[in-house]
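Biologist: Can you take me through this one? I'd like to go piece by piece.
Modeller: Fine, here it is.

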Amino acid sequence: MRFDVVDLGPSALKFVLVGRLDATTVGMVETPFTATVAASGKSAVLDMTGLEFLSSLGIRLLLSATRVVSRRGGKVVLFGAQPMVAEVLEAMALGDLLPAVGTEAEAMAHLLA
Amino acid sequence: MLRVDVPIDLGALADAQDSIETYLETEGAPTTLALRVRLVVEELLVNLVMHGRFAAQPPPAARVAVAFEAGRARLTIEDAAAPFDPRGGKAPVALRDIEAAPTGGLGLPLVRRMAEILDYGRTEPGWNRTELLITGVS
């Protein structure tokens with residue numbers, strides 16, 4: 001599990017999540033991910049196209065990051081979720097807190113809405 | 001059928017999940033089903049690691065069995081933790097306030113959405129037995 005960060009300008013960072021975000025791997029990224037989100041003070045666009053698997057501990061990390069962003073007035077939006085990941089998000093009824101769209105362009109439009 | 005003993009330790013989880021996923025793929029199960037089983041196994045075993053109360057230390061390994069039959073996976077988990085019936089609890093409800101979002105307790109609701117819990121009971125003295133059915137389509 002790894003993530004890369006891409007600066008999308010003054011208001012947002014893109015986090016490219018790659019691998020499996022689960023009980024075994026969440027510890028690898030939890031601290032740097034949350035710290036990067038918190039330090040930026042920006043909204044976050046999560047590129048999920050490379051994320052193959054998401055479990056409840058991964059969801060907890062995403063919710064924690066969303067809470068940090070929200071407290072600073074920002075938004076979090078996901079795009080490109082693979083079927084398994086999309087199913088998990090839907091099953092947990094998280095669409096309002098972690099809105100998921102198809103493409104990066106849609107994600108950026110969501111941030112500006 | 002695949003049977004695997006899984007130590008009550010997060011460090012042992014990935015190998016068990018990989019074995020189960022490989023077994024299902026070898027048996028011809030669709031990826032959707034294999035990943036659902038992987039998820040359900042993770043949530044139940046993580047729950048044991050984080051919340052299970054065991055009389056013996058170190059706790060005995062959980063016994064996990066998976067069978068792929070008629071396009072579905074039948075999963076059985078036996079563990080020596082204190083009695084715990086996973087069938088209880090509420091279904092997830094849509095949350096609109098991030099400050100009210102739970103910081104834990106997400107695993108079992110996810111299991112109940114991804115699997116049908118066929119049975120729960122006590123078998124040997126001190127052991128739970130949970131039987132689940134998982135399909136590859138919603």
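Biologist: At what angle do helix 1 and helix 2 of chain B pack?
Modeller: This is a predicted model. In it, helix 1 of chain B, residues 13-26, packs against helix 2 of chain B, residues 31-51, at about 155°, and their axes are 9 Å apart.

Biologist: Which residues in helix 1 of chain B meet helix 2 of chain B?
Modeller: From helix 1 of chain B they are B:L13, B:A16, B:Q17, B:I20, B:E21, B:L24 and B:E25. Facing them in helix 2 of chain B are B:L33, B:A34, B:V37, B:R38, B:V41, B:E42 and B:L45. By type, the residues of this contact between helix 1 and helix 2 of chain B are 9 nonpolar, 1 polar and 4 charged.

Biologist: And helix 2 with helix 3 of chain B, how do their axes cross?
Modeller: The axes of helix 2 and helix 3 of chain B cross at roughly 150° and come within 9 Å. That crossing is left-handed.

Biologist: Which residues meet there, between helix 2 and helix 3 of chain B?
Modeller: Helix 2 of chain B brings B:R36, B:L39, B:V40, B:E43, B:L44, B:V46 and B:N47, and helix 3 of chain B brings B:G107, B:L108, B:L110, B:V111 and B:M114. The residues of the contact of helix 2 with helix 3 of chain B divide into 8 nonpolar, 2 polar and 2 charged.

Biologist: Zoom out a bit. How many helices and strands in chain B?
Modeller: Chain B has 3 helices and 5 strands. Along the sequence the pattern of chain B is β-α-α-β-β-α-β-β.

Biologist: OK, chain A. What order do the elements come in?
Modeller: From the N terminus, chain A runs β-β-α-β-α-β-α-β-α. That makes 4 helices and 5 strands in chain A. The radius of gyration of chain A is 12 Å, close to the 13 Å from the globule rule for 113 residues, so chain A is as compact as a globular protein of that length.

Biologist: What is the strand order in the sheet of chain A?
Modeller: It is an open sheet of 5 strands in the order 1-2-3-4-5, with mixed pairing. Strand 1 (2-7) and strand 5 (100-101) of chain A are at the edges with a single partner strand each, so one side of each has no neighbour in the sheet.

Biologist: Strand 1 and strand 2 of chain A: how many bridges, and what lies between them?
Modeller: Strand 1 and strand 2 of chain A run antiparallel and are joined by 6 bridges. In one of them, A:V5 has A:F15 in strand 2 of chain A as its bridge partner. The two strands form a hairpin with 4 residues between them, and A:G9 in the turn has a positive phi of about 115°.

Biologist: And strand 3 with strand 4 of chain A, parallel or antiparallel?
Modeller: Parallel, with 4 bridges between strand 3 (residues 43-54) and strand 4 (residues 76-79) of chain A. A:L46 stands opposite A:L78 in strand 4 of chain A.

Biologist: Which strands of chain A does helix 1 of chain A lie across?
Modeller: Helix 1 of chain A, residues 26-40, lies across strand 1, strand 2 (12-21) and strand 3 of chain A, and runs at about 15° to strand 1 of chain A.

Biologist: Last one: at what angle does helix 1 of chain A pack with helix 2 of chain A?
Modeller: At about 10°, with the axes of helix 1 and helix 2 (residues 56-71) of chain A 9 Å apart. These two helices of chain A are therefore roughly parallel. The residues of their contact divide into 9 nonpolar, 3 polar and 1 charged.

Notes
Residues numbered from 1 in each chain as written. Chains lettered and ligands numbered in written order. Predicted model: local features only at pLDDT ≥ 70, side-chain atom pairs only at ≥ 80, totals over all residues. Axes fitted to C-alpha atoms, helices over the stretch in contact; angles between N-to-C directions. Contact = placed C-beta atoms within 7 Å. Nonpolar A, V, L, I, M, F, W, Y, C, P; charged D, E, K, R; others polar. Pairing = 2+ DSSP bridges. Rg over C-alpha atoms; globule rule 2.2 N^0.38 Å. Parallel < 35°, antiparallel > 145°, perpendicular 65-115°, else oblique. Left-handed = near helix turned anticlockwise from the far one by under 90°.
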